[in-house]
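Colleague: I am new to this structure and would like to go through it step by step. Please show it first, and then I will ask.

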Amino acid sequence: MQKRKVQTMVTQEFKTNIKCGGCIAAVKPYLDQAEGIENWEVDLQSPDRILTVKTDKSPDEVTRLIKEAGYEAMPIA
């Protein structure tokens, strides 16, 4: 019997260049279809356009997904 590695979901925050609802619509399929992302949201009121993601992915993996969608994301320490 194989043991499955259980990943813990953590909340991560990223500074992004996502500016509007259209931008959110562009990244939505990338984040919604990705395995290991439980939920996410972008704070358009924040000057840094903070993306909050609950995930078991690494910050690099989330950044890569956002880049695939055509946007930038930088992890906030």
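Colleague: Which residue in S3 is the bridge partner of isoleucine 37?

Modeller: This is a predicted model, so the answer describes the prediction. Isoleucine 37 belongs to strand S2, which covers 37-43. S2 and S3 run antiparallel and are joined by six bridges. In S3, the residue paired with isoleucine 37 is threonine 55.

Colleague: Which residue in the hairpin of S2 and S3 takes a positive phi?

Modeller: The hairpin has six residues between its strands. The residue there with a positive phi, near 50°, is arginine 49.

Colleague: Strand S1 also pairs with S3; over how many bridges?

Modeller: S1 spans residues 10-16 and S3 spans residues 50-55. Phenylalanine 14 stands opposite leucine 51 in S3. The sense of the S1 and S3 pairing is antiparallel, and the number of bridges is six.

Colleague: In what order do the four strands form the sheet?

Modeller: The sheet is open and its pairing is antiparallel. Its edge strands are S2 and S4 (73-75), each of which pairs on one side only. From one strand to the next, the twist averages 30°. Read across the sheet, the order is S2-S3-S1-S4.

Colleague: How do the elements of the chain run from the N terminus on?

Modeller: The chain has two helices and four strands. Helix H1 is made of residues 21-33, and helix H2 of residues 59-68. From the N terminus on, the run is β-α-β-β-α-β.

Colleague: Across which strands does helix H1 lie?

Modeller: The direction of H1 is at about 165° to S2. The strands that H1 lies across are S2 and S3.

Colleague: And which strands does helix H2 touch?

Modeller: H2 packs on the sheet, and its direction makes about 45° with that of S1. The strands touched by H2 are S1, S2, S3 and S4.

Colleague: What percentage of the residues of the chain count as buried?

Modeller: A residue counts as buried under 20% relative accessible area. The chain exposes about 5400 Å², of which carbon and sulfur atoms supply 49%. Of its 77 residues, the buried share is 30%.

Colleague: How many Å apart are the mean positions of the positive and negative charges?

Modeller: The chain carries 11 positive and 12 negative charges. Its C-alpha trace spans about 50 × 25 × 15 Å along the principal axes.

Terms used: Residues are numbered from 1 along each chain as its sequence is written. This is a predicted model: local features need pLDDT of at least 70, side-chain atom pairs count only at pLDDT 80 or more; totals for chains, interfaces and linings use all residues. Side-chain values use heavy atoms; hydrogens and water are left out. Two strands pair if DSSP finds at least two bridges between them. Axes are lines fitted to C-alpha atoms, for helices over the stretch in contact, and angles run from 0 to 180 degrees between N-to-C directions. Contact means heavy atoms within 4.5 Å. Buried means under 20% relative accessible area, exposed over 50%, partly exposed in between (1.4 Å probe, protein chains only). Accessible areas come from the Shrake-Rupley method with a 1.4 Å probe; for residues, only the protein chains shown count as cover. Lys and Arg count as positive and Asp and Glu as negative; His and the chain ends are not counted. The place of a charge is taken as NZ of Lys, CZ of Arg, CG of Asp or CD of Glu.
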